[in-house]
Amino acid sequence: MSALFDLSGRSALVTGASGLLGAHFARVLADAGARVVMAARRLDAMAETATEISAEAVRLDVTDPASIAAAFDAAGPIDILVNNAGIAVTKPVLAQTPEDFDQVLDVDLRGCFLVAQEAARRMVAGKRPGSIVNIASILGERIIPGVAGYTAAKAGLLHLTRQMAVELARHSIRVNAIAPGYIASDINAEFFASEPGQAMIRRVPQRRLGQPGDLTGPLLLLASDAGAHMTGSTITVDGGHSVSSL
Ligand SMILES: NC(=O)c1ccc[n+]([C@@H]2O[C@H](COP(=O)([O-])OP(=O)(O)OC[C@H]3O[C@@H](n4cnc5c(N)ncnc54)[C@H](OP(=O)(O)O)[C@@H]3O)[C@@H](O)[C@H]2O)c1
């Protein structure tokens with residue numbers, strides 16, 4: 001059965017690999033046998049994990065097409081792309097500046113498009129089948145106040161996933177998304193320890209935050225041949241948060 005999820009002989013590029021989830025995704029893919037290329041702007045923040053899992057680390061700014069091309073040149077042929085880089089600006093709608101909104105769309109939507117397009121162009125040119133996994137969010141379908149750019153970008157990313165899936169199927173490239181709920185991290189630890197944070201956790205049917213490890217199975221399913229007939233899909237991983245009636 002484990003052969004179904006085996007990624008030996010495959011090469012994977014993970015964006016945002018200097019962050020919490022990107023580093024986890026890089027480890028998971030390496031554990032499954034893939035050659036892994038970690039990509040982000042901060043090379044120093046990837047160095048330790050890259051050494052541990054024998055991955056390459058390349059500099060990548062997803063807002064810059066030249067940087068994207070250079071990263072793929074350095075990475076060599078890629079079979080699996082995890083489009084994970086993402087940012088948020090938290091301000092009420094009335095306070096968001098054009099720059100705030102542009103900055104988030106630039107990374108979370110345009111960046112994902114440009115990186116996926118570059119990966120797909122190279123897969124097609126090399127006649128390689130491929131799997132692209134876009135890391136969206138349950139906020140692509142629901143909202144919380146203060147993150148207008150983020151919710152709009154993640155909603156766009158879910159639809160872009162479907163668009164690219166349809167257009168790239170003829171090239172044997174699958175495009176799917178994972179929509180995580182709230183994942184425990186250093187950045188949100190203080191909020192989730194507070195009363196509003198605890199109240200939010202009580203609205204999750206499973207009554208807990210996600211851990212990076214909760215995304216391991218969904219990632220492997222979409223990245224590997226286990227998901228061979230899946231394209232244009234979104235896997236929600238949120239402990240039931242987005243279907244909660246509360
Ligand atoms: N954590 C959660 O609760 C949660 C829930 C749902 C969805 N997500 C999504 O999961 C993804 C990863 O989240 P995370 O929690 O791991 O965030 P994180 O720790 O803040 O990591 C964000 C990553 O994005 C990279 N990045 C930002 N701007 C970039 C740019 N211009 N070019 C290239 N890379 C850039 C950062 O790398 P550099 O700064 O080194 O470039 C960093 O590696 C995001 O798309 C996020 O929206 C997270």
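Residues are numbered from 1 along each chain as its sequence is written, and side-chain values use heavy atoms, with hydrogens and water left out. As the model is predicted, local features need pLDDT of at least 70 and side-chain atom pairs count only at pLDDT 80 or more, whereas totals for chains, interfaces and linings use all residues.

Grid points are joined across faces, edges and corners, and a volume is the space filled by probe spheres set on the points. The largest pocket has a volume of about 1500 Å³. Its lining comprises 44 residues, of which Gly86, Ile87, Ala88, Tyr150 and Ile187 are the closest to the centre. Two or more lining residues come from each of helix H1 (20-31), strand S2 (35-40), helix H4 (98-125), helix H5 (148-168) and helix H6 (189-193), where helices (H or I, at least four residues) and strands (E, at least two) are DSSP runs numbered from the N terminus. The lining of this pocket divides into 25 nonpolar, 14 polar and 5 charged residues, with Ala, Val, Leu, Ile, Met, Phe, Trp, Tyr, Cys and Pro counted as nonpolar, Asp, Glu, Lys and Arg as charged, and the others, Gly among them, as polar.

The second largest pocket holds about 210 Å³ of space. Among its 13 lining residues, Arg10, Pro129, Gly130, Ser131 and Asp225 lie nearest the centre, and the lining has 4 nonpolar, 4 polar and 5 charged residues.

Over the whole structure, 10 salt bridges are found, each defined as a side-chain nitrogen of Lys or Arg within 4 Å of a carboxyl oxygen of Asp or Glu. One of them joins Arg122 to Asp73, with the closest N and O atoms 2.9 Å apart; Arg122 lies in helix H4 and Asp73 in helix H3 (residues 65-75), so the pair ties together parts that are 49 residues apart in sequence. Arg122 is partly exposed at 30% relative accessible area, whereas Asp73 is exposed at 54% (buried means under 20%, exposed over 50% and partly exposed in between, with a 1.4 Å probe and protein chains only). Within helix H4, Arg110 and Asp106 stand 4 residues apart, about one turn of the helix, and form a salt bridge at 3.4 Å between the closest N and O atoms.

Key
1 Å grid on protein atoms, 1.4 Å probe; cavity = no way out; pocket = protein on both sides within 12 Å on 5 of 7 lines; lining within 4 Å.
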